[in-house]
Each structure stands twice: as C-alpha cells, then as structure tokens.
Amino acid sequence: IPGKDPITPPFIPSKDIKPFVDWRSGKFVSDVKMQGVCGNCYAFSATGALESAYMIKNNKIGVSYSDQQLTDCCGTNGFGCNGC
C-alpha cells in the first residue's frame, strides 16, 4: 500500500485474535518426515519452513520440498553437513 510503513504490521483488534491456532488443521504445515539417523535436521527445518510459507501465501496444500537435495548440495562446498 503506497505511503504505508512496510515494517509496522496492521492493527488487529484483540477480539479478532484466536487464542490458539492448530496449523495442521488448515493444512498449512507439511506432513512429518523421518530424518532417521542422519544429522541433517537443518534440511528438514528449512524445507518445513519454506513449505508452510508457500502454502500460506499461495493457499495451496500438499507442497513438499526435497530435504535430500539440500543434504546432497551441502557437502559440495567442503562443509561437514552430516547427511546421509
């Protein structure tokens, strides 16, 4: 909105704020994935956050990004990413 401060969130009256939101019921979080014995929790955390942000912004459900791709690419830069 032109002329509106982009940092200040819009005012929401307290009567309109829900005391609890179960994001799973709206399908705004992806299904639980199994990390197994791998040490790549960073990949699961990153893809989970991106999936949720995409689903909320685009109102689409069932988006799933590849944890394995992040794990595979991480090791190419000489970092010890503990992936499988």
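Which residues line the largest pocket? In this predicted model, the lining consists of Arg-24, Lys-27, Val-29, Ser-30, Asp-31, Val-32, Lys-33, Met-55, Ile-61, Gly-62, Val-63 and Ser-64. One of these residues, Lys-33, also takes part in a network of salt bridges with Glu-51 and Asp-67.

**The largest pocket**
- The largest pocket holds about 210 Å³ of space.
- Its lining includes five nonpolar residues, three polar ones and four charged ones.

**Salt bridges**
- The count of salt bridges comes to two.
- Lys-33 pairs with Glu-51, and their closest N and O atoms are 2.8 Å apart.
- Glu-51 sits in helix α1, residues 41-58, while Lys-33 sits in the segment before α1, so this pair ties together parts that are 18 residues apart in sequence.
- Lys-33 also forms a salt bridge with Asp-67, at 3.4 Å from N to O.
- Asp-67 belongs to helix α2, residues 67-74, and Lys-33 to the segment before α1, so this pair ties together parts that are 34 residues apart in sequence.
- Together, Lys-33, Glu-51 and Asp-67 are linked in a network.

- Glu-51 has 0% relative accessibility and counts as buried.
- Asp-67 is buried too; its relative accessible area is 9%.
- Lys-33 counts as partly exposed, with 27% relative accessibility.
- The cut-off for buried is under 20% relative accessible area, so Glu-51 at 0% falls within it, and so does Asp-67 at 9%.

Definitions and conventions
Residues numbered from 1 in each chain as written. Predicted model: local features only at pLDDT ≥ 70, side-chain atom pairs only at ≥ 80, totals over all residues. Heavy atoms only, no water. 1 Å grid on protein atoms, 1.4 Å probe; cavity = no way out; pocket = protein on both sides within 12 Å on 5 of 7 lines; lining within 4 Å. Points joined across faces, edges and corners; volume = space filled by probe spheres on them. Nonpolar A, V, L, I, M, F, W, Y, C, P; charged D, E, K, R; others polar. Salt bridge = Lys/Arg side-chain N within 4 Å of Asp/Glu carboxyl O. Helix = DSSP H or I, 4+ residues; strand = E, 2+ residues; numbered from the N terminus. Buried < 20%, exposed > 50% of the residue type's maximum accessible area, 1.4 Å probe, protein only.
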